[in-house]
Structure formats: C-alpha cells, structure tokens
Amino acid sequence: MSSRGLILGIETSCDETAAAVVERGAHALSSVVASQIATHARYGGVVPELASREHLRAIVPVVRAALEQAQVTLADLDAVAVTSGPGLAGALLVGITYAKALAFANQLPLIAVNHLEGHIHAVLLQERENVTNSSSAQNAGAEAVHEGEERENSPEQDALALVVSGGHTHLYLAHPSAGTWRYRLIGRTLDDAAGEAYDKVAKLLGLGYPGGPWIDTLAQFGNPRAVPFSFAQVKTKAHLAGKAPRTKAAKTAPIVRLDPRFLFSFSGIKTAVLRYVELNGLRTEADARAARLYPQNPGSERAVATPPQTKEEAQTLCSETTLNLVASFQHAVVGDLMKKTFAAAESLGAQRILVTGGVAANRELRARFGAEAARRGVRVSFPTLALSTDNAAMIAAAAWPRLLTCEFASDTLSADPALALR
Ligand code: KG4
Ligand code: ZN
C-alpha cells in the first residue's frame, strides 16, 4: 500500500451518482455527487429505469471529477470501494461494473460496502476528521485536550446508530472488533422508511421532491401541536407468525427476536395525513400547488423548484391549515424516532448515538435529539449536511478498515438489492 491510504469510493444505489477520494478513512479529499432530482421530480419519486440510465451517463465524468478535485491519479490509489447493496439492482450494477473494471485495469483491490454501513461511517469520517483537526491544533500549541476526554470522544467505540433515510429506518449497535466493525440489528421499520413518509406526504400535499427539505422548511412556519398525530405501539404478532415482509426495506433484516419497542411503522401517519387532507378540503389547494411547481408540459424544462425560505413566501404557497399539518406531521415523526432511539440506547446502556441518512439533515430532528441527549448525558453525533444524504465519501470511509484487514471482494461481486448489514 502507498503511504497515503487512498480509496476511491463509488456509490450508485439509488438516485445519486457519487464518487469520492478519502485518505485513511479520515479525510475526504473530494466528494462529488451528481443528483438526479431533476429527472425524478416530476414523478414525485425515483423511477428505477431512469435512475440506471442517468448513472450510466454520469459515472465516468463523476469519477473523473472526484480524482481531479482530490488532485490524484488512478496510480495514486490503494483500492476502489463500491456500494454492493441494498438498493436498486440496475442502479447498483452500474457502479459495481465500473468499479470492477477500474480495479482490474489498475490492479487495485476491490472492496464491497453495504450502503447502510456507509451511512454509519459518514458520522465516523466526520468524527475522525475532527480528531485529526483537534490534534493538529494541539500540536500547534492550542489548548490541551485531556487524555481521558480524547478517549471518550474517540470515534472507534460502540455506538447505537439510527440510519434514517428514504429507504431505511434501522437501529444498529455498531461495535469495533478486531480492526473492523460489526453491527447488530436492534430495530427497524415494518413498512415505510421515515424519508419515504416525508416524500409521500409531500407528494400528496403537492409540494416539491424530495419531500424532506420542503417539509423541514415549511414546518418552521406552522404549529406543531395543531394536529395530534399519534404512533400506536407496533403490533408484531402477525409478522412474528411468519408472514412475508411487506416492503423491500423490511427484507433487509428479519424482525424475529427484535424488541417490539424498537420497531417503527410510518405507513399509518401517511394515511392519517391523507384523511386529514380530505376531511379539511385541502385537496384543491394541493393540486393547484403541484400544477404550479411542476407543470405537465414536456416542452418546458423548468428548473427544479426549491422550498420557500421566508414565512411570507411559505404563506403564498400554503394555507395556514396546510402549514400546521406539515409542522404536526414532522413533530410526530421526529418524536417517534426520538422515543424509540433513546429507549433502545437506555436499554442497551449505549452512551453514544449516531444519527445518519438523509432525514438526519432535518433541523427539528437535530435540535430535539441534541437537547434530549444533553438532558440524558449521552453523546449524539450527526454527519455534516452534505454527508447526511447519499455520497461516496462515506463508502470510501467504510472501506478503510476492510483495506487494513484485506477483506476484498471477488471478481464475481454482484448487486444485492436486499443486502443485510452484519
Ligand atoms: O440518504 P438519502 O440521500 O437516500 C437514501 O438512502 O434513501 O435520503 C434521502 C431521503 C429522502 O426521503 C428525503 O426526503 C430525506 O432523505 N431528506 C430529509 C431531509 N433532507 C433529505 N428528510 C427530512 N428533512 C430533511 N431536511
Ligand atoms: Zn442512503
């Protein structure tokens, strides 16, 4: 291995084509993300066939840009890492095939990374970067950090990780073991992921895509207690009786032996929002908004709409009832994520919580998790906003321990849309 420990990461599991170069799992030299939002926005969700086509178009320029921004060439690399699942089969295959070809042609080892492990390492990457920065500041004569404090803040220790995105709402106990990391599933959603609920609710309210950033922004201007949504305790009997999982996300991890207190379900709140829209006559307003944001005119290639930033702009787009509904939906979802995550941390004795995935970009979620963690005396960490949503720096960072322990993929590596994390 060269002395630099450089890994090129490639991520194409859903609707972002991403490549990044990361040094020693701790320092991102580049992170390039080509978003397909403009392609999927008018459909209000990801269209798998279009995603594969867009990845094929973008993969070569995105990898080239990642190398250029990092100011390295293929000859400087020590390994190529790629997401092998879970995700969309056709989308994953574009990245895997390209990564294999690059590794083979340049005689580099290929490392397969689970997308969920990548999200967890987005936080660890950030923490390792902070440790490096604080020790170089210390070397430069800045305030001394006590040894005990440094150990307490080390990224390489057990943590409860909440991965909360458009495809997942999973709780794992992450544990560093013999130079690598192992994961124990603690809880997960039985149906929709939290991000999926955000996207579906945004779609039915005629808001933009993806729904998360829209609801996040608009929620600031509504009353979070206006609509009392509630989450009943998830009943697991039917599922434990051996019924097939209802969604793709559910297939990635069996629920038998999971504590029902740590299971999530977000399909009910989506239906409750729909009922509220119908009962309160909000349908016409939502349809008008959708037509305004995404006119059905194939000839007009309009730029993708962005969420309003001020209260005045929000009020020209949404009635007070809609703003209150949006704020109440978010308040309930964040409350449920918090309740179950902190209950799991308490039950496992975890002193450290990592929250990651697209929904971890949410303002209310960050503020409320931060306040609750402070109240309970546990540590909570998030990735930067750019590392919260899909990217390839997290894939290269997750591959670093595997490079050290020589856990390489074979040349028969293929996409596994329901890959479980262990
Ligand atoms: O991690 P990610 O980029 O892709 C998946 O692996 O799914 O997450 C995308 C999801 C989408 O559902 C999007 O609506 C949601 O993350 N999201 C947010 C926010 N930003 C993105 N949800 C709530 N608040 C946000 N600020
Ligand atoms: Zn993701």
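The protein chain holds 16 helices and 10 strands, where helices (H or I, at least four residues) and strands (E, at least two) are DSSP runs numbered from the N terminus. The model is a predicted one, in which local features need pLDDT of at least 70 and side-chain atom pairs count only at pLDDT 80 or more, while totals for chains, interfaces and linings use all residues. Residues are numbered from 1 along each chain as its sequence is written, chains are lettered from A and ligands numbered from 1 in the order in which they are written, and side-chain values use heavy atoms, with hydrogens and water left out.

Of the 422 residues of the protein chain, 52% count as buried; buried here means under 20% relative accessible area, exposed means over 50%, and partly exposed is what falls in between (1.4 Å probe, protein chains only). As for contacts, meaning heavy atoms within 4.5 Å, residues 24 or more positions apart account for 78% of those in the protein chain with a separation of 6 or more.

Next comes the metal site. The zinc ion (ligand 2) has His115 (NE2), His119 (NE2) and Asp390 (OD) as its protein donors, at 2.0 to 2.1 Å. Donors are N, O and S atoms within 2.8 Å of the metal (3.2 Å for Na, K and Ca), and water is not among the atoms, so sites may look incomplete. Along the chain, the donors of the zinc ion (ligand 2) are spaced as H-x3-H-x270-D. One pair among them links distant parts of the chain: His119 sits in helix 4 (residues 115–139), while Asp390 sits in the loop between helix 15 (385–388) and helix 16, 271 residues apart. Both His119 and Asp390 are buried. The arrangement around the zinc ion (ligand 2) is irregular because its four donor atoms subtend angles of 95 to 142 degrees. By the rule used, four donors count as tetrahedral if all angles lie between 85 and 135 degrees; four count as square planar and six as octahedral if opposite donors are over 155 degrees apart and all others between 65 and 115; anything else is irregular.

Helix 16 (residues 393–404) has 12 residues that should span 16 Å at 1.5 Å a residue, and its end C-alpha atoms are 17 Å apart, which agrees. The expected span is 1.5 Å times one less than the number of residues. Helix 16 is mostly covered, with 11 of its 12 residues buried, including Trp400, Pro401 and Arg402. After helix 16 comes Cys406, with a positive phi near 55 degrees.

Helix 7 (residues 211–219) is mostly covered too, as eight of its nine residues are buried; among them are Trp214, Ile215 and Asp216. The cover over the buried residues of helix 7 includes helix 6, helix 11, helix 12 (311–317), helix 13 and helix 14. In helix 11 (residues 283–293) lies Arg289, which is buried with a relative accessible area of 2%. Neighbours within four places in sequence aside, Arg289 is in contact with Leu205, Gly206, Leu207, Leu317, Cys318 and Thr322.

On to the rings: the structure holds four aromatic pairs. Rings of Phe, Tyr and Trp (its six-membered ring) pair if their centres lie within 6.5 Å, and planes under 30 degrees apart count as stacked, over 60 as edge-to-face and the rest as tilted. Tyr198 and Phe329 make an edge-to-face pair, 5.2 Å centre to centre with 75 degrees between the planes. This pair links distant parts of the chain, with Tyr198 in helix 6 (residues 194–204) and Phe329 in helix 13 (residues 320–348), 131 residues apart. Tyr198 and Phe329 are both buried. Phe342 and Phe369 form a tilted pair, at 5.5 Å centre to centre and 35 degrees between the planes. Phe342 lies in helix 13 and Phe369 in helix 14 (residues 363–376), so this pair ties together parts 27 residues apart in sequence. Phe342 is buried, at a relative accessible area of 2%, and Phe369 is buried at 0%. Phe231, Phe264 and Phe266 form one aromatic cluster.

Strand 6 (residues 159–164) and strand 7 (residues 169–177) pair in the antiparallel sense over six bridges; two strands pair if DSSP finds at least two bridges between them. Val164 has Thr169 in strand 7 as its bridge partner, and four residues lie between strand 6 and strand 7 in their hairpin. Strand 7 also pairs with strand 8 (residues 180–188) in the antiparallel sense, over eight bridges. Here Pro176 is bridged to Trp181 in strand 8. The hairpin of strand 7 and strand 8 has two residues between the strands, and Ala178 in it takes a positive phi near 45 degrees.
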